[in-house]
Amino acid sequence: MRGPLKRCNGSHLSLIAVRFASGTKQTKGKGMIKTNKKSVAITLAVFVSFTVVTPARASELDELKATIQSMQKSMEQMQSRIAELEHENHKHKEQATASRVAPPAAVVATEGAASAPPSDQTVTIAPATVTIQGRPSQIRDRPALDDQQEAAPRPNDLTLDPKYRGFVPIPNTPVLIKFNAKPRVDFTDDPQNTGNPDRFVTAQIPVDGDFFKGGGNQFNVNARGSQLSLDVRAPELPGSPRFYYQNDFFGSGGGELPFRVRQLYGQIYNVVLGQTFSVFEDPDAWPDTVDYEGPNSAIFARRPLVRYMLPLNKKWQLNFGLEKPGSEVDTSPDPDAQQVNHAPDGGLNIRWEDSVYGHVQLGAIFRDIGVKGPVVGNQNTFGWGVNLSSSLNVFERQPTSEIVASATEKNVVAGVQRDVKPIFDSLQTQLTYGQGLFRYFNDDFQNNDAAFDSSGDLKAIPAFGAMIGYTHQWNDYLRSTASYGYVHLDNQFSQEPGAYHQTHYASLNLVWKARKRLSIGFEALYGHKEEKDGADGDAFRFQIGALYSIFD
């Protein structure tokens, strides 16, 4: 009987025991003897099952251990695959950040996904955060209602705002773009006619004997100083290309808002092509006036040109340029004479810049001024000029603890980080002298580059200009600027008695930064004009200007 039992498994023995018990149960009613037989049979079955099944369970235990080991190996393989996927995901994010591209959210499929069945599980990569740090210029960005600094070309793509606030990356390119709109309105009140209702132009002030002098109080509202601009940069591409465009509405056409292009140029490898500031001008030296025209003696010239900027080191640079010429000859003796341009205007400047003290620029311009007419014949003369300008930072002071606390609170509420900049005053100066350079003065509304002497020879008109402006920052929200300009010409023999001789310009203002992007300015202006024969005239103006910069 031992042989057969060894070949039986526990299940068979249990079945025999159950059947034996069932047969005994059916004879229960025959007496206690049968009951005792049932108990003995069940006990025997359990004992035999335990004895025989023990070796079988040991075999199953070995199989279970083998299964667990196999599962552990599978888990290790899965963990290794997960680590590989995480590494690939991290590498993808680094590449996206390095290329300055913020791609839209995408679904990443694993290898073999084309043949695998669809799955509800996907891996999503969020758009990469674009962080761009530009190269800061040594020049500080001064607040101004008519900002001349923003548009100025600078070597090596140096910028006044290295954080490129307001710029948006163009997807799948290394290019940044910024659009800005600056709607503006000016209210002017003149006790008498100033000669120009929209801008305070000292060259147009009526003098004694002029029919239009006086006329009583005059009030005007205009929005011509509103501007649109577009700035496109690629600071990480070779040559740091840039394209800049800006317009206002002081054009010569009809209508309430005649269109005028102020800036339109491209820059790459420090070469500038298009229309922008002359190399003779210093856009960083403009005083902050509410009047859109600005001081009479400021060198103000936006020209079609080609320009090369040569940095010598961190603080010194040279600029060379060839610009569109424009001979402006007083042809009073020969009204039929025409201006003739034989060569482009050539200019250069050297600049010193320091982030603490400010900057100084010395510029020069050289010109050929020509004319041709039936009376004066075909003549030309040489024109030249030098311009020394500066903008100096003075009396710098840190913002008060109240300003810092207020800014910190606003940052927390807005969920952003804005810098709390120090407060400083600034001083702008300019001295200009030369012959045949009146075209470059801001007061250029008449032909005063050259005229004829008593012998009928064409001569360049000597010109001198001086300008000064001082801005005091009262606090983070209020600032004031006082400015003065003077221009003087040594008139030639052929010029008529009413020819422009000299002018004075003065302004004093208070600008309130009502909101981060909204500024309101209040300004009083005075101008004086004197003509060749001594006739003169004065003009006063009170002006309120409001400017809203949407994206700054």
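Reader: How many nonpolar, polar and charged residues are in the lining of the largest cavity?
Author: That lining has 6 nonpolar, 5 polar and 6 charged residues. Here Ala, Val, Leu, Ile, Met, Phe, Trp, Tyr, Cys and Pro count as nonpolar, Asp, Glu, Lys and Arg as charged, and the others, Gly among them, as polar. This is a predicted model, in which local features need pLDDT of at least 70 and side-chain atom pairs count only at pLDDT 80 or more, while totals for chains, interfaces and linings use all residues. Residues are numbered from 1 along each chain as its sequence is written, and side-chain values use heavy atoms, with hydrogens and water left out.

Reader: What is the volume of the largest cavity, and which residues lie nearest its centre?
Author: The volume is about 140 Å³. Pro153, Arg154, Asp284, Arg307 and Arg351 lie nearest the centre, out of 17 lining residues. A cavity is a set of points on a 1 Å grid over the protein atoms alone where a 1.4 Å probe fits but cannot get out, and lining residues have an atom within 4 Å of a point. Points are joined across faces, edges and corners, and the volume is the space filled by probe spheres set on them.

Reader: Which strands each supply at least two residues of that lining?
Author: Strand S12 (316-323) and strand S14 (345-354) do, and the largest share, 3 residues, comes from S14. Strands are DSSP runs (E, at least two residues), numbered from the N terminus.

Reader: How many bridges join S12 to S14?
Author: There are 8, and the two strands run antiparallel. Two strands pair if DSSP finds at least two bridges between them. Glu323 stands opposite Asp345 in S14. On the S11 side, Leu305 is opposite Glu323; strand S11 (residues 302-311) is joined to S12 by 7 bridges, again antiparallel. S11 and S12 form a hairpin with 4 residues between them.

Reader: Which residues of S12 are on the covered face?
Author: Gln317, Asn319, Gly321 and Glu323 are on the covered face, while Trp316, Leu318, Phe320 and Leu322 are on the uncovered one. In a regular strand the side chains alternate between the two faces of the sheet.

Reader: Is Asp284 buried or exposed?
Author: Asp284 is buried, at 2% relative accessibility, and Arg154 is buried at 7%. Buried means under 20% relative accessible area, exposed over 50% and partly exposed in between (1.4 Å probe, protein chains only).

Reader: Which residue meets Arg367 in a salt bridge?
Author: Asp449 does, at 2.8 Å from N to O. Arg367 is in strand S15 (residues 358-373) and Asp449 in the loop between strand S17 (423-435) and strand S18 (450-452), 82 residues apart. Arg367 is buried at 2% relative accessibility, and Asp449 is buried at 0%. Elsewhere, salt bridges that share partners join Arg154, Asp282, Asp284, Arg351 and Glu353 into one network.

Reader: How many salt bridges does the structure hold?
Author: The structure holds 26.

Methods:
On a 1 Å grid over the protein atoms alone, a cavity is a set of points where a 1.4 Å probe fits but cannot get out, and a pocket is an open set with protein on both sides within 12 Å along at least five of seven lines; lining residues have an atom within 4 Å of a point. A salt bridge is a side-chain nitrogen of Lys or Arg within 4 Å of a carboxyl oxygen of Asp or Glu.
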